[in-house]
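This note sets out a few points for a colleague reading the structure below.

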Amino acid sequence: MFARSGSVDWLDPVIGARIRYAMAPGHELFLRGDIGGFGVGSDFPGRLSAATVSSSAPTRASHSRA
């Protein structure tokens, strides 16, 4: 992450991760987070978010030919 504050430039190291977990068919959990700063440019900012997704897409039936 790069930001400019007045006439001072600073750079923050950032580490992040994303996880996608299928709880059941058509239901997923998404987790996303990051942390940064580590005393280099800013103190210790961080963020975490979560979401669930449900889809009701029609399923495809497989047909066999004889």
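Leaving aside its neighbours within four places in sequence, with which residues is leucine 29 in contact?

1. The model is a predicted one. In it, leucine 29 belongs to strand 4. Once its neighbours within four places in sequence are set aside, leucine 29 is in contact with Ile19, Arg20, Tyr21, Met23, Ala51 and Thr52.

2. Leucine 29 and valine 53 are separated by 24 residues in sequence, whereas their C-alpha atoms lie 6.5 Å apart in space.

3. Glutamate 28 is likewise located in strand 4. With neighbours within four places in sequence left out, the contacts of glutamate 28 are Arg20, Tyr21, Ala22, Met23, Ala51, Thr52 and Val53. Among these is Arg20, and the side chains of glutamate 28 and arginine 20 make a polar contact at 2.9 Å.

4. How many salt bridges does a search of the whole structure find? The search returns 2. One of the pairs is arginine 20 with glutamate 28, where the closest N and O atoms are 2.9 Å apart. Arginine 20 has a relative accessibility of 59%, so this residue counts as exposed, the threshold being over 50%.

5. Aspartate 34 and arginine 47 also form a salt bridge, with 2.9 Å between the closest N and O atoms. This pair links distant parts of the chain: aspartate 34 lies in strand 4 and arginine 47 in strand 5, 13 residues apart. Arginine 47 has a relative accessible area of 58% and is therefore exposed.

6. The surface also carries a nonpolar patch, formed by Ile15, Ile35, Phe38, Val40 and Phe44. Together these residues present about 500 Å² of accessible area.

7. Where does phenylalanine 44 lie? Phenylalanine 44 is placed in the loop between strand 4 (27-36) and strand 5 (46-54).

Conventions: Residues are numbered from 1 along each chain as its sequence is written. This is a predicted model: local features need pLDDT of at least 70, side-chain atom pairs count only at pLDDT 80 or more; totals for chains, interfaces and linings use all residues. Side-chain values use heavy atoms; hydrogens and water are left out. Patches are made of residues with over 30% relative accessible area and no salt bridge: like charges are joined within 9 Å, nonpolar side chains (Val, Leu, Ile, Met, Phe, Trp, Tyr) within 5 Å. Accessible areas come from the Shrake-Rupley method with a 1.4 Å probe; for residues, only the protein chains shown count as cover. A salt bridge is a side-chain nitrogen of Lys or Arg within 4 Å of a carboxyl oxygen of Asp or Glu. Helices (H or I, at least four residues) and strands (E, at least two) are DSSP runs, numbered from the N terminus. A polar contact is a pair of N or O atoms within 3.5 Å; within protein, one must be able to donate a hydrogen and the other to accept it, and residues adjacent in sequence count only if both atoms are side-chain atoms. Contact means heavy atoms within 4.5 Å. Buried means under 20% relative accessible area, exposed over 50%, partly exposed in between (1.4 Å probe, protein chains only).
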